[in-house]
Structures are given as C-alpha cells and as structure tokens.
Amino acid sequence: MCFGILVAPLVEETMFRGFLYPIIARQFGVGVGVIVTGVLFGAMHAQQLWGGWGQIGLLIGVGIFLTWVRARTGTVAASYFVHLGYNSLLFLGFYSATGGLRNIPGGS
C-alpha cells in the first residue's frame, strides 16, 4: 500500500506531468498537452486493467485532471499531492470494503 500511495504517484507525476507534459505543451499547446498526457497516463495502466474499459476510461479522466492541475498551478507538486490523495482514498476504500484486508475476493 505504501508503494501505491507514496512511490507510484511520485514516479508517475515525475514522468507524465514533470517530463512528458511540458514537451507536448511546448510543441502543441497546453490543451493538447493536457489531453495527450492524460490519455497516455490511462493507457499506461491499460495492461494491468485489460478488459476493464470503465476503469481505463476513469484513469484517462484522472490523468487529464492531474495534468490540468499541473498546467493550472505550474508545479508538479500540486498534481503529486492530488494524486497522493486520490490513491489514498482508493486504498482506504479497498481496506474498508475488505474488512481490513480480511475478506479479499479470490484470496485464500
């Protein structure tokens, strides 16, 4: 859980909003940069969610929102903290729904 809450957002925000977004935005404009970076973010997660088109679509939307936060504030720190909060809420919901990880579907 710590990796998913602390490390994954740091790595993903550095890659997508810190490195990729500025290149695309300089070349094609902020709007295109926001959309393309968000779609690529969702597409990166597609392999692990293959067939879960609703989840993939949601992550594309999340990616667009996170990139918009980066564009609006001008800092990757803002999108990192939003991403950290989003992942924290997901894990909190998962933890709660599984009774503290005791009732995981498909678990032994």
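Me: How many residues does helix α2 have, and what span does it reach?

Reply: Helices here are DSSP runs (H or I, at least four residues), numbered from the N terminus. The expected span is 1.5 Å times one less than the number of residues. Helix α2 covers residues 30–46, so 17 residues, and reaches 24 Å from first C-alpha to last, close to the expected 24 Å. Mind that this is a predicted model: local features need pLDDT of at least 70, side-chain atom pairs count only at pLDDT 80 or more, and totals for chains, interfaces and linings use all residues. Residues are numbered from 1 along each chain as its sequence is written, and side-chain values use heavy atoms, with hydrogens and water left out.

Me: Which residues of α2 are buried, and what covers them?

Reply: Buried means under 20% relative accessible area, exposed over 50%, partly exposed in between (1.4 Å probe, protein chains only). In α2 that gives Gly33, Val34, Thr37, Gly38, Phe41, Gly42, His45 and Ala46. An α-helix has 3.6 residues a turn, so residues three or four places apart point the same way. The cover includes α1 (2–28), α3 (53–73) and α4 (76–97).

Me: Is histidine 83 buried or exposed, and what is it in contact with?

Reply: Histidine 83, found in α4, is buried, at 2% relative accessible area. Contact means heavy atoms within 4.5 Å. Leaving aside neighbours within four places in sequence, histidine 83 is in contact with Pro9, Glu12, Glu13, Arg17, Phe41 and Leu66.

Me: Where does methionine 44 lie, and is it buried or partly exposed?

Reply: Methionine 44 lies in α2 and is partly exposed, with a relative accessible area of 36%.

Key
Helices (H or I, at least four residues) and strands (E, at least two) are DSSP runs, numbered from the N terminus.
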